[in-house]
Amino acid sequence: MASLIVVGSQWGDEGKGKITDYLASQADMVLRCQGGSNAGHTIWVDGVRHALHLVPSGILNPDTICVIGNGVVLDLGIVLLEIKRLQDEGISTKNLVISEKAHIIMPYHFTMDDYQESLKGDKKIGTTRRGIGPAYMDKVARQGIRLMDLMAWQPFLEKLDYNLREKNEIFRRAGLPLIEGEIKERLIADFAVYREQIAPYVGETIYLVNEALAAGQKLLFEGAQGSMLDLDHGTYPFVTSSNTVAAGSCTGVGIGPTRIDKVLGIAKAYCTRVGEGPFPTELKDEIGDNLRNWGNEFGVTTGRTRRVGWFDSVVVRYSALVNGMTDLCLTKLDILDKLPEIKVCTGYSLTGHIVTKMPSTLEELAKCKPIYETLPGWLTDTTACRCFADLPENAQKYVLRLEELCGLPVSLVAVGPDREQIIVRHDLF
Ligand code: GDP
Ligand code: IMO
Ligand code: MG
(Lines give C-alpha, C1' and ligand atoms only; values in the text may rest on other atoms or scores of the structure.)
(Ligands and ions follow the chains in the order given, each with its own letter.)
Protein backbone atom coordinates (compact mmCIF):
# COMPACT_ATOMS: atom_id res chain seq x y z
CA MET A 1 0.00 0.00 0.00
CA ALA A 2 1.65 3.18 -1.13
CA SER A 3 -0.88 6.00 -1.24
CA LEU A 4 -3.63 6.87 1.16
CA ILE A 5 -5.96 9.87 1.02
CA VAL A 6 -7.43 11.22 4.26
CA VAL A 7 -10.68 13.16 3.72
CA GLY A 8 -13.29 14.74 5.94
CA SER A 9 -16.61 12.98 5.52
CA GLN A 10 -18.85 15.62 7.14
CA TRP A 11 -18.52 19.42 7.26
CA GLY A 12 -14.88 19.65 8.32
CA ASP A 13 -13.11 19.53 11.72
CA GLU A 14 -13.49 15.76 11.94
CA GLY A 15 -9.98 15.32 13.34
CA LYS A 16 -8.05 15.03 10.05
CA GLY A 17 -4.99 16.70 11.60
CA LYS A 18 -4.76 14.24 14.48
CA ILE A 19 -5.18 11.21 12.20
CA THR A 20 -2.74 12.55 9.59
CA ASP A 21 -0.15 13.12 12.31
CA TYR A 22 -0.70 9.59 13.62
CA LEU A 23 -0.40 7.99 10.15
CA ALA A 24 2.53 10.24 9.16
CA SER A 25 4.94 8.13 11.21
CA GLN A 26 4.34 5.35 8.65
CA ALA A 27 4.55 7.65 5.59
CA ASP A 28 7.47 9.05 3.59
CA MET A 29 5.54 12.09 2.37
CA VAL A 30 2.51 14.04 3.62
CA LEU A 31 0.76 16.35 1.17
CA ARG A 32 -1.78 19.18 1.40
CA CYS A 33 -3.60 19.43 -1.91
CA GLN A 34 -6.40 22.03 -1.70
CA GLY A 35 -7.93 24.74 0.43
CA GLY A 36 -5.85 27.26 2.31
CA SER A 37 -5.70 28.79 5.74
CA ASN A 38 -9.46 28.27 6.12
CA ALA A 39 -8.33 24.87 7.42
CA GLY A 40 -7.41 24.51 11.07
CA HIS A 41 -5.88 21.17 11.99
CA THR A 42 -5.08 20.41 15.63
CA ILE A 43 -2.48 17.96 16.82
CA TRP A 44 -1.71 17.12 20.44
CA VAL A 45 1.55 15.40 21.24
CA ASP A 46 2.63 14.81 24.85
CA GLY A 47 0.29 17.49 26.13
CA VAL A 48 1.46 20.13 23.62
CA ARG A 49 -1.08 21.56 21.16
CA HIS A 50 -0.10 22.39 17.58
CA ALA A 51 -2.62 24.21 15.35
CA LEU A 52 -1.74 24.10 11.65
CA HIS A 53 -3.48 25.93 8.82
CA LEU A 54 -1.21 25.33 5.85
CA VAL A 55 1.81 23.27 6.85
CA PRO A 56 0.93 19.56 6.45
CA SER A 57 0.24 17.67 9.67
CA GLY A 58 3.21 15.37 9.00
CA ILE A 59 5.67 18.10 10.02
CA LEU A 60 6.07 16.77 13.58
CA ASN A 61 7.72 13.66 12.13
CA PRO A 62 11.32 14.72 11.44
CA ASP A 63 11.86 12.33 8.51
CA THR A 64 8.64 12.98 6.61
CA ILE A 65 8.72 15.19 3.51
CA CYS A 66 5.83 17.68 3.66
CA VAL A 67 4.44 19.06 0.41
CA ILE A 68 2.05 21.95 -0.13
CA GLY A 69 0.69 21.20 -3.58
CA ASN A 70 -0.34 23.33 -6.55
CA GLY A 71 -4.02 23.10 -5.58
CA VAL A 72 -3.56 25.05 -2.34
CA VAL A 73 -4.19 28.80 -2.16
CA LEU A 74 -1.36 30.21 -0.11
CA ASP A 75 -1.50 32.96 2.49
CA LEU A 76 2.20 33.77 2.71
CA GLY A 77 1.90 35.68 5.98
CA ILE A 78 0.27 32.68 7.65
CA VAL A 79 2.54 30.01 6.26
CA LEU A 80 5.64 31.99 7.27
CA LEU A 81 4.24 32.54 10.76
CA GLU A 82 3.50 28.84 11.05
CA ILE A 83 7.04 27.96 9.95
CA LYS A 84 8.48 30.38 12.52
CA ARG A 85 6.27 29.04 15.30
CA LEU A 86 7.30 25.47 14.51
CA GLN A 87 10.97 26.43 14.49
CA ASP A 88 10.57 28.25 17.83
CA GLU A 89 9.16 25.00 19.22
CA GLY A 90 12.26 23.18 18.00
CA ILE A 91 10.48 21.46 15.10
CA SER A 92 12.46 21.32 11.88
CA THR A 93 10.82 22.66 8.71
CA LYS A 94 13.68 21.66 6.40
CA ASN A 95 11.51 18.97 4.77
CA LEU A 96 8.78 21.41 3.70
CA VAL A 97 8.37 21.98 -0.06
CA ILE A 98 5.79 24.34 -1.55
CA SER A 99 4.72 24.04 -5.17
CA GLU A 100 5.73 26.99 -7.31
CA LYS A 101 2.35 26.56 -9.03
CA ALA A 102 0.36 27.31 -5.85
CA HIS A 103 -1.70 30.49 -6.11
CA ILE A 104 -1.14 33.33 -3.66
CA ILE A 105 -3.90 34.87 -1.56
CA MET A 106 -3.48 38.62 -1.95
CA PRO A 107 -4.68 41.35 0.46
CA TYR A 108 -7.47 42.33 -1.96
CA HIS A 109 -8.88 38.79 -1.71
CA PHE A 110 -9.65 39.44 1.97
CA THR A 111 -11.45 42.66 1.07
CA MET A 112 -13.42 40.84 -1.64
CA ASP A 113 -14.35 38.02 0.77
CA ASP A 114 -15.70 40.55 3.31
CA TYR A 115 -17.45 42.56 0.62
CA GLN A 116 -19.15 39.54 -0.97
CA GLU A 117 -20.31 38.28 2.43
CA SER A 118 -21.71 41.69 3.39
CA LEU A 119 -23.55 41.99 0.04
CA LYS A 120 -25.21 38.64 0.64
CA GLY A 121 -26.65 39.85 3.97
CA ASP A 122 -28.66 37.08 5.64
CA LYS A 123 -27.80 34.77 2.71
CA LYS A 124 -24.11 34.94 3.63
CA ILE A 125 -22.07 31.74 3.52
CA GLY A 126 -20.31 32.34 6.81
CA THR A 127 -16.85 32.03 5.25
CA THR A 128 -13.68 32.09 7.33
CA ARG A 129 -12.94 35.49 5.68
CA ARG A 130 -9.50 34.22 4.69
CA GLY A 131 -9.89 35.26 1.05
CA ILE A 132 -10.28 31.68 -0.14
CA GLY A 133 -13.21 32.11 -2.57
CA PRO A 134 -11.83 35.26 -4.25
CA ALA A 135 -8.35 33.67 -4.63
CA TYR A 136 -9.86 30.63 -6.37
CA MET A 137 -12.02 33.01 -8.48
CA ASP A 138 -8.86 34.64 -9.84
CA LYS A 139 -7.29 31.23 -10.43
CA VAL A 140 -10.28 30.09 -12.49
CA ALA A 141 -10.38 33.44 -14.30
CA ARG A 142 -6.73 32.78 -15.27
CA GLN A 143 -5.48 35.93 -13.62
CA GLY A 144 -4.21 34.53 -10.33
CA ILE A 145 -0.70 35.23 -9.09
CA ARG A 146 1.36 32.11 -8.51
CA LEU A 147 4.35 31.54 -6.31
CA MET A 148 6.50 31.23 -9.45
CA ASP A 149 5.44 34.77 -10.43
CA LEU A 150 6.56 36.08 -7.06
CA MET A 151 9.89 34.27 -7.42
CA ALA A 152 10.47 35.76 -10.88
CA TRP A 153 9.33 39.20 -9.51
CA GLN A 154 8.62 41.04 -12.80
CA PRO A 155 5.58 38.80 -13.62
CA PHE A 156 4.39 39.42 -10.06
CA LEU A 157 4.47 43.19 -10.57
CA GLU A 158 2.74 42.96 -13.95
CA LYS A 159 -0.02 40.63 -12.73
CA LEU A 160 -0.48 42.73 -9.62
CA ASP A 161 -1.02 45.81 -11.79
CA TYR A 162 -3.70 44.07 -13.83
CA ASN A 163 -5.45 42.74 -10.72
CA LEU A 164 -5.34 46.09 -8.97
CA ARG A 165 -6.89 47.80 -12.00
CA GLU A 166 -9.77 45.36 -11.84
CA LYS A 167 -10.16 45.26 -8.04
CA ASN A 168 -9.85 49.01 -7.55
CA GLU A 169 -12.68 49.45 -10.03
CA ILE A 170 -14.89 47.27 -7.81
CA PHE A 171 -13.65 48.92 -4.61
CA ARG A 172 -14.32 52.39 -6.03
CA ARG A 173 -17.93 51.50 -6.83
CA ALA A 174 -18.35 49.90 -3.40
CA GLY A 175 -16.84 52.86 -1.54
CA LEU A 176 -13.98 50.70 -0.24
CA PRO A 177 -10.38 51.93 0.20
CA LEU A 178 -8.36 51.63 -3.02
CA ILE A 179 -5.01 49.88 -3.22
CA GLU A 180 -2.89 52.60 -4.80
CA GLY A 181 -0.12 55.04 -3.97
CA GLU A 182 1.50 54.38 -0.63
CA ILE A 183 -0.73 51.40 0.15
CA LYS A 184 0.33 49.74 -3.09
CA GLU A 185 3.99 50.50 -2.37
CA ARG A 186 3.65 48.94 1.09
CA LEU A 187 2.00 45.85 -0.43
CA ILE A 188 4.91 45.47 -2.86
CA ALA A 189 7.45 45.96 -0.04
CA ASP A 190 5.69 43.30 2.07
CA PHE A 191 5.77 40.81 -0.79
CA ALA A 192 9.46 41.53 -1.43
CA VAL A 193 10.08 40.37 2.16
CA TYR A 194 7.78 37.34 1.79
CA ARG A 195 9.63 36.41 -1.40
CA GLU A 196 12.94 36.28 0.38
CA GLN A 197 11.59 34.36 3.35
CA ILE A 198 9.61 31.77 1.38
CA ALA A 199 12.33 31.15 -1.26
CA PRO A 200 14.01 28.21 0.57
CA TYR A 201 10.73 26.29 0.55
CA VAL A 202 9.59 26.85 -3.05
CA GLY A 203 10.14 24.05 -5.51
CA GLU A 204 8.96 21.85 -8.31
CA THR A 205 6.68 19.26 -6.74
CA ILE A 206 5.05 17.29 -9.60
CA TYR A 207 8.18 15.22 -10.36
CA LEU A 208 9.10 15.07 -6.68
CA VAL A 209 5.77 13.43 -5.82
CA ASN A 210 5.55 11.14 -8.84
CA GLU A 211 9.15 9.99 -8.46
CA ALA A 212 8.49 9.20 -4.79
CA LEU A 213 5.53 7.07 -5.87
CA ALA A 214 7.58 5.35 -8.53
CA ALA A 215 10.25 4.57 -5.93
CA GLY A 216 7.63 2.80 -3.81
CA GLN A 217 7.48 5.46 -1.11
CA LYS A 218 4.38 5.84 1.03
CA LEU A 219 2.33 8.96 0.41
CA LEU A 220 -0.32 10.34 2.72
CA PHE A 221 -2.67 13.01 1.35
CA GLU A 222 -4.17 15.29 4.00
CA GLY A 223 -7.59 16.57 2.99
CA ALA A 224 -8.85 19.91 4.24
CA GLN A 225 -12.47 20.83 4.96
CA GLY A 226 -15.09 18.10 4.54
CA SER A 227 -16.94 16.44 1.68
CA MET A 228 -20.16 18.34 2.43
CA LEU A 229 -18.17 21.54 1.84
CA ASP A 230 -16.97 20.32 -1.59
CA LEU A 231 -17.59 22.88 -4.35
CA ASP A 232 -19.39 20.32 -6.56
CA HIS A 233 -20.73 17.75 -4.14
CA GLY A 234 -21.44 19.70 -0.95
CA THR A 235 -24.40 21.79 0.14
CA TYR A 236 -23.79 24.45 -2.56
CA PRO A 237 -23.61 27.46 -2.21
CA PHE A 238 -22.80 26.86 1.48
CA VAL A 239 -19.48 25.26 0.59
CA THR A 240 -15.85 26.21 0.18
CA SER A 241 -14.28 26.97 -3.21
CA SER A 242 -12.23 23.82 -3.82
CA ASN A 243 -12.81 20.14 -4.43
CA THR A 244 -12.40 18.72 -0.96
CA VAL A 245 -13.21 15.15 -2.06
CA ALA A 246 -10.49 12.59 -2.76
CA ALA A 247 -10.29 13.45 -6.46
CA GLY A 248 -9.14 16.96 -5.46
CA SER A 249 -6.02 15.39 -3.99
CA CYS A 250 -5.00 14.14 -7.43
CA THR A 251 -5.37 17.46 -9.23
CA GLY A 252 -3.99 19.29 -6.20
CA VAL A 253 -0.57 17.65 -6.44
CA GLY A 254 -0.47 16.36 -10.01
CA ILE A 255 -0.87 12.60 -9.71
CA GLY A 256 -3.25 10.31 -11.58
CA PRO A 257 -6.23 8.55 -9.95
CA THR A 258 -4.66 5.18 -10.78
CA ARG A 259 -2.02 5.94 -8.15
CA ILE A 260 -4.42 5.95 -5.20
CA ASP A 261 -4.73 2.79 -3.12
CA LYS A 262 -7.04 3.77 -0.28
CA VAL A 263 -9.32 6.59 0.78
CA LEU A 264 -9.87 6.99 4.50
CA GLY A 265 -12.92 9.03 5.49
CA ILE A 266 -12.70 10.73 8.87
CA ALA A 267 -16.04 11.06 10.67
CA LYS A 268 -16.81 12.43 14.09
CA ALA A 269 -18.90 10.08 16.23
CA TYR A 270 -21.47 12.90 16.14
CA CYS A 271 -21.47 15.84 13.71
CA THR A 272 -20.52 19.52 13.59
CA ARG A 273 -20.67 22.39 11.13
CA VAL A 274 -19.27 25.96 11.19
CA GLY A 275 -20.88 28.67 9.10
CA GLU A 276 -24.28 28.79 7.44
CA GLY A 277 -26.17 26.14 5.47
CA PRO A 278 -28.37 23.10 6.05
CA PHE A 279 -27.60 20.66 8.86
CA PRO A 280 -30.47 18.16 9.24
CA THR A 281 -29.41 16.57 12.55
CA GLU A 282 -28.50 19.85 14.27
CA LEU A 283 -29.19 19.93 18.02
CA LYS A 284 -30.28 23.23 19.49
CA ASP A 285 -30.92 21.86 22.96
CA GLU A 286 -29.00 21.01 26.12
CA ILE A 287 -27.54 17.83 24.61
CA GLY A 288 -26.08 19.95 21.79
CA ASP A 289 -24.65 22.42 24.31
CA ASN A 290 -23.12 19.58 26.30
CA LEU A 291 -21.55 17.95 23.26
CA ARG A 292 -20.16 21.33 22.21
CA ASN A 293 -18.57 21.88 25.61
CA TRP A 294 -17.32 18.34 26.13
CA GLY A 295 -15.98 18.25 22.55
CA ASN A 296 -14.57 21.80 22.77
CA GLU A 297 -16.33 22.58 19.51
CA PHE A 298 -14.96 26.02 18.81
CA GLY A 299 -13.23 26.73 15.49
CA VAL A 300 -9.42 26.58 15.29
CA THR A 301 -9.32 29.20 12.52
CA THR A 302 -11.99 31.72 13.52
CA GLY A 303 -12.86 30.76 17.10
CA ARG A 304 -16.52 30.53 16.03
CA THR A 305 -18.90 28.24 17.88
CA ARG A 306 -19.45 25.03 15.94
CA ARG A 307 -23.02 23.86 15.38
CA VAL A 308 -23.47 20.36 16.81
CA GLY A 309 -25.76 17.44 15.88
CA TRP A 310 -26.18 13.67 15.88
CA PHE A 311 -24.25 11.38 13.52
CA ASP A 312 -25.94 11.46 10.13
CA SER A 313 -25.42 8.25 8.18
CA VAL A 314 -27.05 9.72 5.04
CA VAL A 315 -24.22 12.26 4.93
CA VAL A 316 -21.43 9.73 5.52
CA ARG A 317 -22.88 7.19 3.04
CA TYR A 318 -23.02 9.95 0.43
CA SER A 319 -19.46 11.01 1.27
CA ALA A 320 -18.30 7.41 0.98
CA LEU A 321 -19.76 7.37 -2.53
CA VAL A 322 -18.34 10.63 -3.89
CA ASN A 323 -14.91 9.89 -2.42
CA GLY A 324 -14.68 6.20 -3.22
CA MET A 325 -13.86 5.61 0.45
CA THR A 326 -12.38 2.27 1.41
CA ASP A 327 -12.24 2.80 5.19
CA LEU A 328 -13.66 4.98 7.91
CA CYS A 329 -12.04 6.46 10.99
CA LEU A 330 -14.39 7.42 13.78
CA THR A 331 -13.09 10.24 16.00
CA LYS A 332 -14.25 11.73 19.31
CA LEU A 333 -16.04 8.60 20.45
CA ASP A 334 -15.03 9.63 24.00
CA ILE A 335 -17.19 12.76 23.77
CA LEU A 336 -20.27 10.49 23.86
CA ASP A 337 -19.07 8.78 27.09
CA LYS A 338 -21.47 10.69 29.34
CA LEU A 339 -24.67 10.19 27.33
CA PRO A 340 -27.22 7.60 28.52
CA GLU A 341 -28.69 7.41 25.00
CA ILE A 342 -27.26 8.24 21.59
CA LYS A 343 -29.20 8.91 18.40
CA VAL A 344 -28.08 8.10 14.90
CA CYS A 345 -29.82 9.37 11.77
CA THR A 346 -30.56 6.45 9.45
CA GLY A 347 -32.56 8.34 6.80
CA TYR A 348 -34.83 11.34 6.27
CA SER A 349 -38.55 11.76 6.08
CA LEU A 350 -39.30 13.94 3.05
CA THR A 351 -42.93 14.87 2.29
CA GLY A 352 -44.20 11.57 3.68
CA HIS A 353 -41.50 9.37 2.06
CA ILE A 354 -38.43 7.82 3.62
CA VAL A 355 -35.21 8.75 1.81
CA THR A 356 -31.82 7.25 2.51
CA LYS A 357 -29.96 9.15 -0.23
CA MET A 358 -28.81 12.75 -0.06
CA PRO A 359 -31.33 15.04 -1.84
CA SER A 360 -29.75 17.18 -4.58
CA THR A 361 -31.44 20.48 -3.84
CA LEU A 362 -31.13 22.62 -0.73
CA GLU A 363 -34.89 23.14 -0.81
CA GLU A 364 -35.48 19.39 -0.49
CA LEU A 365 -32.77 19.04 2.14
CA ALA A 366 -34.36 21.84 4.17
CA LYS A 367 -37.62 19.86 4.24
CA CYS A 368 -35.93 16.65 5.40
CA LYS A 369 -36.69 15.49 8.93
CA PRO A 370 -34.11 13.05 10.31
CA ILE A 371 -35.26 9.55 11.21
CA TYR A 372 -33.40 8.41 14.31
CA GLU A 373 -32.44 5.11 15.78
CA THR A 374 -31.65 5.32 19.50
CA LEU A 375 -28.76 3.31 20.87
CA PRO A 376 -27.88 2.85 24.54
CA GLY A 377 -24.87 4.81 25.80
CA TRP A 378 -22.02 3.27 27.79
CA LEU A 379 -21.53 5.85 30.57
CA THR A 380 -17.89 4.79 30.91
CA ASP A 381 -14.66 6.70 30.24
CA THR A 382 -13.15 5.38 27.01
CA THR A 383 -10.12 7.67 26.83
CA ALA A 384 -7.70 4.99 28.05
CA CYS A 385 -8.95 2.28 25.66
CA ARG A 386 -6.26 1.19 23.20
CA CYS A 387 -7.87 -1.81 21.51
CA PHE A 388 -11.40 -2.53 20.39
CA ALA A 389 -11.94 -5.12 23.12
CA ASP A 390 -11.13 -2.44 25.76
CA LEU A 391 -14.21 -0.45 24.72
CA PRO A 392 -17.41 -0.96 26.74
CA GLU A 393 -19.82 -3.32 24.98
CA ASN A 394 -22.30 -0.55 24.05
CA ALA A 395 -19.49 1.55 22.57
CA GLN A 396 -18.44 -1.44 20.46
CA LYS A 397 -22.05 -1.88 19.35
CA TYR A 398 -22.24 1.82 18.44
CA VAL A 399 -19.14 1.55 16.24
CA LEU A 400 -20.40 -1.65 14.61
CA ARG A 401 -23.81 -0.11 13.92
CA LEU A 402 -22.21 2.91 12.21
CA GLU A 403 -20.05 0.52 10.21
CA GLU A 404 -23.21 -1.25 9.05
CA LEU A 405 -25.10 1.98 8.26
CA CYS A 406 -22.19 3.49 6.32
CA GLY A 407 -21.23 0.28 4.54
CA LEU A 408 -17.53 0.67 5.35
CA PRO A 409 -15.08 -0.86 7.82
CA VAL A 410 -14.29 1.44 10.74
CA SER A 411 -10.54 0.83 10.71
CA LEU A 412 -9.54 3.45 13.29
CA VAL A 413 -11.33 4.78 16.36
CA ALA A 414 -10.05 7.86 18.21
CA VAL A 415 -10.81 8.25 21.91
CA GLY A 416 -9.00 11.47 22.74
CA PRO A 417 -7.01 14.29 21.13
CA ASP A 418 -3.56 12.88 21.86
CA ARG A 419 -1.55 10.96 19.28
CA GLU A 420 -1.65 7.86 21.49
CA GLN A 421 -5.43 7.88 21.96
CA ILE A 422 -6.28 5.68 19.03
CA ILE A 423 -7.59 2.17 18.42
CA VAL A 424 -6.35 0.46 15.27
CA ARG A 425 -8.72 -2.22 13.98
CA HIS A 426 -7.21 -2.60 10.50
CA ASP A 427 -3.80 -1.40 9.32
CA LEU A 428 -3.99 1.16 6.54
CA PHE A 429 -0.42 1.33 5.26
P1 GDP B 1 -9.52 18.90 11.51
O2 GDP B 1 -9.77 20.23 10.94
O3 GDP B 1 -10.30 17.82 10.82
O4 GDP B 1 -8.06 18.56 11.63
O5 GDP B 1 -10.07 18.94 13.00
P6 GDP B 1 -9.87 20.14 14.08
O7 GDP B 1 -8.50 20.08 14.60
O8 GDP B 1 -10.36 21.42 13.51
O9 GDP B 1 -10.93 19.72 15.17
C10 GDP B 1 -10.89 18.48 15.80
C11 GDP B 1 -10.72 18.72 17.31
O12 GDP B 1 -10.97 17.51 18.00
C13 GDP B 1 -9.32 19.12 17.71
O14 GDP B 1 -9.40 19.97 18.82
C15 GDP B 1 -8.65 17.79 18.08
O16 GDP B 1 -7.62 17.95 19.03
C17 GDP B 1 -9.81 17.07 18.71
N18 GDP B 1 -9.82 15.61 18.56
C19 GDP B 1 -9.49 14.85 17.48
N20 GDP B 1 -9.78 13.56 17.71
C21 GDP B 1 -10.29 13.51 18.97
C22 GDP B 1 -10.82 12.44 19.77
O23 GDP B 1 -10.88 11.30 19.37
N24 GDP B 1 -11.30 12.79 21.01
C25 GDP B 1 -11.26 14.08 21.48
N26 GDP B 1 -11.73 14.32 22.68
N27 GDP B 1 -10.78 15.09 20.74
C28 GDP B 1 -10.32 14.80 19.50
P1 IMO C 1 -10.82 22.02 8.29
O2 IMO C 1 -9.76 21.63 7.30
C3 IMO C 1 -14.81 23.61 8.97
C4 IMO C 1 -16.36 26.47 6.04
C5 IMO C 1 -16.61 27.88 6.52
C6 IMO C 1 -17.80 28.24 5.65
C7 IMO C 1 -17.46 27.58 4.33
C8 IMO C 1 -16.81 28.50 3.31
O9 IMO C 1 -10.29 22.58 9.56
O10 IMO C 1 -11.82 20.94 8.46
P11 IMO C 1 -14.35 29.53 3.13
O12 IMO C 1 -13.59 30.41 4.07
O13 IMO C 1 -13.68 28.24 2.83
O14 IMO C 1 -14.78 30.26 1.88
O15 IMO C 1 -15.73 29.20 3.92
O16 IMO C 1 -16.57 26.52 4.63
N17 IMO C 1 -14.99 25.93 6.26
C18 IMO C 1 -14.69 25.05 7.21
N19 IMO C 1 -15.44 24.50 8.19
N20 IMO C 1 -13.54 23.22 8.82
C21 IMO C 1 -12.78 23.75 7.83
O22 IMO C 1 -11.53 23.29 7.56
C23 IMO C 1 -13.33 24.72 6.99
N24 IMO C 1 -12.86 25.45 5.95
C25 IMO C 1 -13.89 26.16 5.51
O26 IMO C 1 -16.92 27.90 7.88
O27 IMO C 1 -18.97 27.65 6.15
MG1 MG D 1 -10.41 22.13 11.54
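**The magnesium site**

Is D13 buried, partly exposed or exposed? In this predicted model, D13 has a relative accessibility of 23%, so it counts as partly exposed. The cut-off for buried is under 20% relative accessible area. G40, with a relative accessible area of 12%, is buried.

These two residues meet at a metal: the magnesium ion (ligand 3) is coordinated by D13 through OD and by G40 through O, at 2.0 to 2.2 Å. The pair links distant parts of the chain, 27 residues apart. If you want to find them, look for D13 in the loop between β1 (3-8) and α1 (16-24), and for G40 in the loop between β2 (29-32) and β3 (41-45).

**Aromatic pairs**

Now to the rings. Across the whole structure, a search finds 5 aromatic pairs. One of them is the stacked pair of W153 and F156, with 5.2 Å from centre to centre and 20 degrees between the planes. F156 is buried, its relative accessible area being 0%. Ring pairs also join W153 and F156 with F191 and Y194 in a cluster.

W378 and Y398 make a tilted pair, because their planes stand at 55 degrees, with the ring centres 5.7 Å apart. W378 lies in the loop between β18 (369-376) and α13 (393-406) while Y398 is in helix α13, so this pair ties together parts 20 residues apart in sequence. Both W378 and Y398 are buried.

**A charge over a ring**

One more contact is worth a look on your screen. R425 places its charged end over the ring of F388, 4.2 Å from the ring's centre.

Technical notes:
Residues numbered from 1 in each chain as written. Chains lettered and ligands numbered in written order. Predicted model: local features only at pLDDT ≥ 70, side-chain atom pairs only at ≥ 80, totals over all residues. Heavy atoms only, no water. Donors = N, O, S within 2.8 Å, 3.2 Å for Na, K, Ca; no water. Helix = DSSP H or I, 4+ residues; strand = E, 2+ residues; numbered from the N terminus. Buried < 20%, exposed > 50% of the residue type's maximum accessible area, 1.4 Å probe, protein only. Phe/Tyr/Trp six-rings, centres within 6.5 Å; stacked < 30°, edge-to-face > 60°. Lys NZ or Arg CZ within 6 Å of the ring centre and 35° of its normal.
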